[in-house]
Amino acid sequence: MVKSYQRYELGKSFGVISSDSNIVYLPQKKSTGKVITGGLEDILVWDIKTGELSQKLHDGIPIGAADASVSGAPSQVVRLEYHHNNNIVAAGYSDGSIKIWDLTSGTVVMSLQGHRSAVTILVFDRSGTRLVSGSRDSTMIVWDLVGETGLFKLKGHKNEITGLLLLDVTEAKDDEEMEDWLVSVSKDGLIKLWDLKAQQCIETHVAHSGECWSLGIDIERRIIITTGTENKCKVWTLDLYAPNKVSERGLFEKKSKQRGLTTSFKTIRGNSFFFIQNADRTVEIFRLRSDAEIQKAVTKRTKTLKEKGLDEDEVEENLKSSDINRLIQNFATVRSMAKIRNCTWTEKADLLISFNNNSVEYYTVSLPENVKKHQSTDMIYKKAHSVEAFGHRTDIRFMDISDDGKLLTTASNGLLKVWNVNSLNCIRTFECGYGLVVKFLPGGALLVLGTREGNLELYDLASSTVLDSIQAHEGALYQLDITPDGKSVITGGADKQVKKWDIKLEMVEVLGSKEKVASMSLVNSRNMEMNDEILAVKVSPDQQLLAVSTTDNCVRVFYLDTLKFFLNLYGHKLPVLSIDISQDNKIIITSSADKNIKIWGLDFGDCHKSIFGHQDSIMSVRFISNTHHFITTSKDGMVKYWDGDKFECIQKLAVHQSEVWCSAVSLDGSFFVTASHDHSIRIWEETNDEVFIQEEREKEMDEQYEETLLASLEEDEDSLAKRKEETDEVTGVTKQTMESLKAGEKLMEALDLGTKELDAQEEYEQTLAAFQLKKTLNQPIKPTPNTILVVKKMTPAEYVLSIVLAIKASQLEDALLVLPFSYTIKLFRFIQIWTDSENGSKNIVNLSTISRLVFTLVRNNCKELISQKEDKIKQLIISVRDQLRRQLSLSVDDIGYNVEGLKFLKAQWKLAHSTEFIDEEEQKRYEEKHVQKRVYQTVE
């Protein structure tokens, strides 16, 4: 009989405030606002004032589920863009995909595939109907969000796209006006201007000698700022009417020597400001002086230079060299305590900054009344709010779960946090040293913490106080364990000593009085000297044995009461990092930096099995209570669930984006928790679903095959492009995915089914006609329709059309690329039926999809169709062309009528919802001034 296991699925995820993406400010009417951040594979919306999570956007099935991927972690969000009018968020992912989220419903509106590597920049147009994306694959794609398709792909840069701007010739702000110009910068150091109507690059300039990292524009004055690798920034002027539309104006230096990662403009009280966020701990704010200020300064400077005796040419040269200094005023520098990841303006012209230490801060910027006389050394910013309580600043090094499974504690450098497992709220935060290990005492009211400084600290959760703190070891305290009775603590450290500490209840005098109160303390009772540093200690559940791991790659087992030597477990090639003992005291399991797991018998010390478990060091191993099943976590980012009796991997749980440092298992085994370098804390819950090892292995093989197939398709596309020596700057947007491949296969199955039904029906009609003319003696039997058509109550043509309409608009062209030419002819046969006079009126709604289908098929199979010599195929294509033209011409009037009706409704809506304020006195004066008082007329 095949053995089954209970499946673990990802239940909850928390601890991440801001991951490797930019942040977006979300204005609110009655509060400071909200901030949208990337939370690894999720999108998080935080309330800035309260610091609490208000919304979490998650897509996809839970990791660990039967249909979930096991080959790798899900793609994380790397770029965000928000469109205020439509209340939608565009999220770019590390695999090149883009998802459009509706913030109101919290769901994915559409998913777009086109880039081959991570998305680096996203820009909405004014109306929110188009989106331009840039990627690490050096391409840009213009997306139609109404049709859910990629319009075209722009190629021209040779490196990662770092900045995009959509522009219009005029400064019109009407949503109906489409921006027709695109400015792009890349790490190849170039700045390019694209005409989106002509779909070609108009101008190319060398922006910087090295990489170009950011791009910002003042729309009103048409001034562009670009930043390079160091402190060099360039100023460009933009004039879309001039022959040279983009021209270099000058160069200026910022204070920071690090590269500028983000540049953004904001108009405040009629003054144009911009900031440059550097790759360090500073954000520099600059002001563009007005034309009047610049003219005044030029006049004053000219007068001074002429007084010094300079001629006209020298004056002009001097003024030209100092043009940028007159234009840009260094206004202020915001300095922070941590390295800045991203920065953005808020609605009130304050700054919202995210940091690499998993936190977000809100800074108020107070502008002086007279900005012209402001000095850059004046302090104008102040930290007002922060979002930091729901995560650690540094990596979590150890965690533990209370006996009742309701509390979770995590320790990192500087912080010790206690979480409610059900609500995920942080209920206690203690400041501490560099926490390396932490454990709950039985009952869950007390915590014991070991630090890298060698301190052993006892915390009381009820009073939020430190009951005792002692210097337990001279070096780092690497590991500790608590005896099952909860009376003693065993510690091991870098000073090569194993120490036993008894927890005592003592009466202590209160300072300033004679009263005594009960207090807990730690008292050293026994010590044991080792030859090497201690990395891990573990007490057996029966409280008989103590296992100690040292840096000599061995694990030694001692009797706990006498500390006499019992067993020596050797075989690892590198130090053992984690130890655990099963509940029945029969098995001890060790995990090492040599990537191996070893399972030992605790009676004789024999090695039952050595398993190559991970691709990197295995950081922790934990038994599931009352079983021989165990969990391992590793630096390769994988979490694995094992059977310790059959020595097989039950489940591979791939969700963490980087090293998984620690894990903890609940006492009843209903859930376990893991923590990673990506700051996330994941709770894995046991489900009622069963796992069969053979099915898991087959699923892994299928995923490997799919990955190989997609990789080969991409290689074929690349080689085809090279063979054609493709140098086009504009190409179509295509990317084969498993969804598009499966959609193509499903369409082929539907075409086979439909064609078979059509052939059978035609044969029956021919035979019936012959019988009625008495050419045959036997009356034909009407063919039985396919079961699927009977159940769906559809004709073959209707069924095939339903399959076509079920394919996502963004995947339709990729799905059609899979079709062989024979299936293309079959599909033309059905298109002929859809567009004939009988069915054309029924399919008027789907006419745009049918037209797109025809154009794509003709484009993909142009040469094959031209070379066809069969009259039947030629007649079929001509028939489709004529019928489609007829149907399109019939629908023109309907569409025109609808468009005009919508325009009328829009005008009526504007009249009812817009109010114009008029100054009565000014209006009266205007009327009096323009009134016609006398009329002279010539009478003949």
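Leu424 lies in the loop that joins β32 (413-420) to β33 (426-440). Its phi is near 65°, a positive value in a residue other than glycine. Leu424 is buried, with a relative accessible area of 19%, a value that falls under the 20% cut-off for burial. The model is a predicted one, and its secondary structure comes to 13 helices and 56 strands.

**Chain as a whole**

- The chain has 940 residues, and 51% of them count as buried.
- Along the principal axes, the C-alpha atoms fill a box of roughly 130 × 115 × 55 Å.
- The accessible surface of the chain comes to about 46900 Å², and carbon and sulfur atoms hold 49% of that area.
- Among contacts in the chain with a separation of 6 or more, 52% are between residues 24 or more positions apart.

**Positive phi in loops**

- Most residues other than glycine have a negative phi.
- Ala349 is not a glycine, yet its phi is positive, at about 65°.
- The loop that holds Ala349 runs between β26 (340-345) and β27 (351-355).
- Ala349 is buried, with a relative accessible area of 6%.
- Leu424, with phi near 65°, likewise sits in a loop, the one between β32 and β33.

- Gln76 is placed in the loop between β5 (53-57) and β6 (77-83).
- Gln76 counts as buried because its relative accessible area is 13%, under the 20% limit.
- Apart from neighbours within four places in sequence, Gln76 is in contact with Ser19, Asp20, Leu40, Glu41, Gly92, Tyr93, Ser94 and Gln657.
- Ile581 belongs to strand β45, which covers residues 576-581.
- Ile581 counts as buried because its relative accessible area is 5%, again under the 20% limit.
- With neighbours within four places in sequence set aside, the contacts of Ile581 are Lys538, Val539, Ser540, Pro541, Ile587, Ile588, Leu602 and Phe623.
- Ile581 and Val730 are 149 residues apart along the chain, and 62 Å separates their C-alpha atoms.

- Helix α10 (residues 847-860) has 14 residues.
- From its first C-alpha to its last, α10 reaches 20 Å, close to the 20 Å expected at 1.5 Å a residue.
- The buried residues in α10 are Leu847, Ile850, Ser851, Leu853, Val854, Thr856 and Leu857.
- An α-helix has 3.6 residues a turn, so residues three or four places apart point the same way.
- Cover for the buried residues of α10 includes α7 (796-806), α8, α9 (821-834), α11 (862-866) and α12 (871-913).
- In α7, the buried residues are Pro796, Ala797, Tyr799, Val800, Leu801, Ile803 and Val804.
- These buried residues of α7 pack against α5 (738-772), α6 (787-792), α8, α9 and α10.

**Cavities**

- Rolling a probe the size of a water molecule over the atoms shows where empty space is left.
- The count comes to three cavities of 30 Å³ or more.
- The largest cavity has a volume of about 80 Å³.
- Its lining consists of Gln113, Trp143, Thr149, Gly150, Val733, Ala809, Ser810, Glu813, Asp814 and Arg852.
- By class, the lining of the largest cavity has three nonpolar, four polar and three charged residues.
- The second largest cavity holds about 50 Å³ of space.
- Ile490, Val498, Lys499, Lys500, Arg526, Asn527, Leu546, Leu560 and Leu563 line the second largest cavity.
- For the second largest cavity, the elements that give two or more lining residues are β39 (497-509) and β40 (516-529).
- Strand β39 gives the most to the lining of the second largest cavity, with three residues.
- The lining of the second largest cavity divides into five nonpolar residues, one polar and three charged.

Conventions:
Residues are numbered from 1 along each chain as its sequence is written. This is a predicted model: local features need pLDDT of at least 70, side-chain atom pairs count only at pLDDT 80 or more; totals for chains, interfaces and linings use all residues. Side-chain values use heavy atoms; hydrogens and water are left out. On a 1 Å grid over the protein atoms alone, a cavity is a set of points where a 1.4 Å probe fits but cannot get out, and a pocket is an open set with protein on both sides within 12 Å along at least five of seven lines; lining residues have an atom within 4 Å of a point. Grid points are joined across faces, edges and corners, and a volume is the space filled by probe spheres set on the points. Ala, Val, Leu, Ile, Met, Phe, Trp, Tyr, Cys and Pro count as nonpolar, Asp, Glu, Lys and Arg as charged, and the others, Gly among them, as polar. Helices (H or I, at least four residues) and strands (E, at least two) are DSSP runs, numbered from the N terminus. The expected span of a helix is 1.5 Å times one less than its number of residues. Buried means under 20% relative accessible area, exposed over 50%, partly exposed in between (1.4 Å probe, protein chains only). Contact means heavy atoms within 4.5 Å. Accessible areas come from the Shrake-Rupley method with a 1.4 Å probe; for residues, only the protein chains shown count as cover.
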